[in-house]
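Let's walk through this structure together, one piece at a time. Keep the sequence and the 3D view side by side as you read.

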Amino acid sequence: MEFHEDSTIIFLARSQECLYKRYTYRPKTSFSYQFPLQSVRSSMAHHGNDVLNRTSFHFQPHRNWINDPNAPMYYKGFYHMFYQHNNLAPKFSNIMIWGHSVSQDMVNWIQLEPAFVPTESYDRHSCWSGSATILPDGKPVILYTGLEEHKELDRRQVTVLAEPKDASDPLLREWVKPKNNPVMLPPHDVPHDCFRDPTTGWQGQDGVWRVLVGAKEINTERGMAVLYRSDDFVEWTKYPTPLLAKEHTGMWECPDFFPVAITGKEGVENSVNNASVKHVLKVSFGGHDCYVIGKYSSENEDFVADSEFTNTTSDLRYDHGTFYASKAFFDNVKNRRINFGWVVETDSEEDDFEKGWSGLLSLPREMWLDTSGKRLIQWPIEEINYLRTKQVSLDNTHLSGCSNLEISGITAAQADVEVTFDLPILEGNPQVLDSDQVDDAVLFDRGSSAGCVYGPFGLLALASSDLSEQTAIFFKIIRRGNGYSVIMGSDEKKSSLRDNTKKSAHGTVLDIDPRHEKISLRCLIDHSVIESYGAGGRNVITSRAYPKLAIGEAAKLYVFNDGTRGVTISSLDAWSMRNAEVNLNAL
Ligand code: DQQ
């Protein structure tokens with residue numbers, strides 16, 4: 001099919017009431033907030049819980065189940081998001097398919113027909129995760145995991161290659177699985193059910209393609225990123241040694257491997273490798289997306305990482321909360337690297353059936369290397385700011401010990417908040433706490449003020465007016481040796497009066513010295529999910545909350561200080577957020 005702008009517009013117009021007029025997304029300048037708004041919200045079951053905590057600007061399919069984001073890419077004017085989907089029920093299934101949506105800004109999305117469903121013996125039992133690669137001629141290809149129908153090896157995991165049926169269709173609506181599939185089978189030292197999630201490909205200096213496949217060594221808990229090479233992207237040969245492996249980490253799922261610039265925020269295309277870049281290897285294991293930074297050489301075929309995976313809280317993590325199986329891509333329109341992760345529900349399966357949906361994706365996060373070279377910085381893409389509407393601000397406001405300050409005038413259930421705290425000079429404090437020796441549960445507990453010089457202080461999101469419901473995103477400053485440590489936490493313990501939701505206390509040590517830097521926090525609050533970016537995105541925590549009272553217009557936002565010493569709010573800006581148009585079109 002030839003690409004005709006008009007036919008695409010007609011398709012989109014039919015799909016979603018012409019939201020994408022002539023391909024140009026313009027943020028609405030005057031917006032009057034209505035609540036609840038539009039089809040999904042008004043058609044979803046009401047349960048007293050504001051359409052059961054449905055989000056308003058996070059990616060979700062129209063209904064039913066989503067898990068991993070797959071193969072994000074930009075192609076001929078559209079961003080594409082594929083995802084692990086059960087389109088029949090709000091639960092993971094034995095037959096997983098690839099959902100597919102398109103967007104022009106990664107904020108508003110249109111749901112298309114599923115891209116991959118089981119059709120062949122090699123993917124009869126599911127189409128699991130994978131990635132897209134744009135070949136040098138501009139054509140995209142996808143490698144995904146097929147769960148094979150196999151006589152002896154039940155649901156053997158194999159790698160399947162797929163190509164667009166019509167590369168001139170910017171919506172990439174139809175895909176074909178060529179004859180020579182599957183293109184990779186589990187090697188002899190890998191169990192048949194521990195071989196999955198091929199990465200985006202990159203070309204070495206020799207022009208040869210490489211991809212990684214997540215795996216685990218047979219009879220051990222040694223996680224591995226198995227390396228494959230190919231001249232034509234069709235025939236793949238396993239390289240004798242994995243690019244990286246580590247004992248006691250278990251199966252490595254959803255690996256991601258990409259270069260990052262040593263200086264500056266710009267993203268780099270996957271095959272770039274020179275003195276100005278380092279490489280990031282992310283793997284998903286133990287419920288977290290962990291990463292290492294290092295130097296990759298295609299000549300030596302090795303990756304020398306600056307640190308090791310430890311399978312403890314000291315691993316570098318993209319997110320210290322509810323976030324898994326993420327996938328990043330290079331956006332060549334704006335030269336940036338963008339990552340999306342899967343945010344699972346933490347209410348009950350019964351609730352998911354009541355809601356009619358389960359799971360969502362994190363906001364698209366731009367990623368770049370911190371000036372220290374030791375970690376990545378993550379920040380919501382600038383397009384998210386187009387959703388900001390009514391704003392309230394504060395500056396230079398003292399918050400005395402044991403006090404709360406309500407931030408009113410915005411829609412607190414659907415908000416973007418940026419706050420910076422200033423602490424009077426941190427002098428010597430008699431209480432010394434060596435945080436290395438303190439259990440994480442105590443360190444990250446909002447209720448424990450052991451060794452606290454300041455705090456806990458921060459925001460109370462999705463709070464009810466009597467504060468019986470609240471999710472605290474907080475900081476504690478503790479004395480550590482001759483200096484100080486900043487703990488950042490997100491405490492879900494009081495997030496809901498309902499007792500059938502999982503309520504965790506997430507936390508991490510924030511990578512700043514509070515003697516020299518102010519403590520900043522950005523929270524994006526969206527009904528049942530809160531993404532919190534500490535210190536300009538050096539540490540991120542995603543939380544889930546399913547309030548019963550703090551819903552819709554009844555939800556409140558506070559700044560709080562549970563510590564005995566006062567802190568200063570140097571600045572605070574909070575915005576109501578508009579609804580994004582996310583997959584509103586039922587298929
Ligand atoms: N989810 C997929 C797998 C992947 C896992 C199945 C990670 O391919 O390893 O839905 O969440």
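Which residue in β2 does Y74 stand opposite? Y74 stands opposite Y79. Before going further, please note that this is a predicted model, in which local features need pLDDT of at least 70 and side-chain atom pairs count only at pLDDT 80 or more, while totals for chains, interfaces and linings use all residues. Residues are numbered from 1 along each chain as its sequence is written, and side-chain values use heavy atoms, with hydrogens and water left out.

Strands here are DSSP runs of E with at least two residues, helices are runs of H or I with at least four residues, and both are numbered from the N terminus. Two strands are said to pair if DSSP finds at least two bridges between them. In general, strands of a sheet pair through backbone hydrogen bonds, either parallel or antiparallel.

Stepping back, β1 and β2 sit in an open sheet of five strands with mixed pairing, in the order β4-β3-β2-β1-β22. At its edges are β4 (109–116) and β22 (357–358), each of which pairs on one side only.

Several neighbours pair with β11. Strand β10 (residues 202–203) runs antiparallel to β11 over two bridges, and Q203 has W209 as its bridge partner. These two strands form a hairpin with five residues between them, and G207 in the turn has a positive phi of about 80°. On to strand β12 (residues 223–230): eight bridges join β12 to β11, again antiparallel. This hairpin has six residues between its strands, with N219 in the turn at a positive phi of about 65°. G214 stands opposite A225 in β12, and G214 also stands opposite R196. R196 comes from strand β9 (residues 195–196), which pairs with β11 in the antiparallel sense over two bridges.

R196 leads us to the ligand. Which residues are closest to the ligand? Of the 13 residues that surround the ligand, the closest are D68, Q84, R196, D197 and E253, where near means that a heavy atom of the residue lies within 4 Å. A polar side-chain atom of D68 lies 2.7 Å from a ligand nitrogen atom. An N or O atom in the side chain of R196 is 2.7 Å from an oxygen atom of the ligand, and a polar side-chain atom of E253 lies 2.9 Å from a ligand oxygen atom. Taken alone the ligand exposes 310 Å², and the protein buries 95% of that; such areas come from the Shrake-Rupley method with a 1.4 Å probe, and for residues only the protein chains shown count as cover. The elements that give two or more residues to the shell are β1, β5 (127–134), β15 (253–261) and β20 (324–331).

Note on methods
A polar contact is a pair of N or O atoms within 3.5 Å; within protein, one must be able to donate a hydrogen and the other to accept it, and residues adjacent in sequence count only if both atoms are side-chain atoms.
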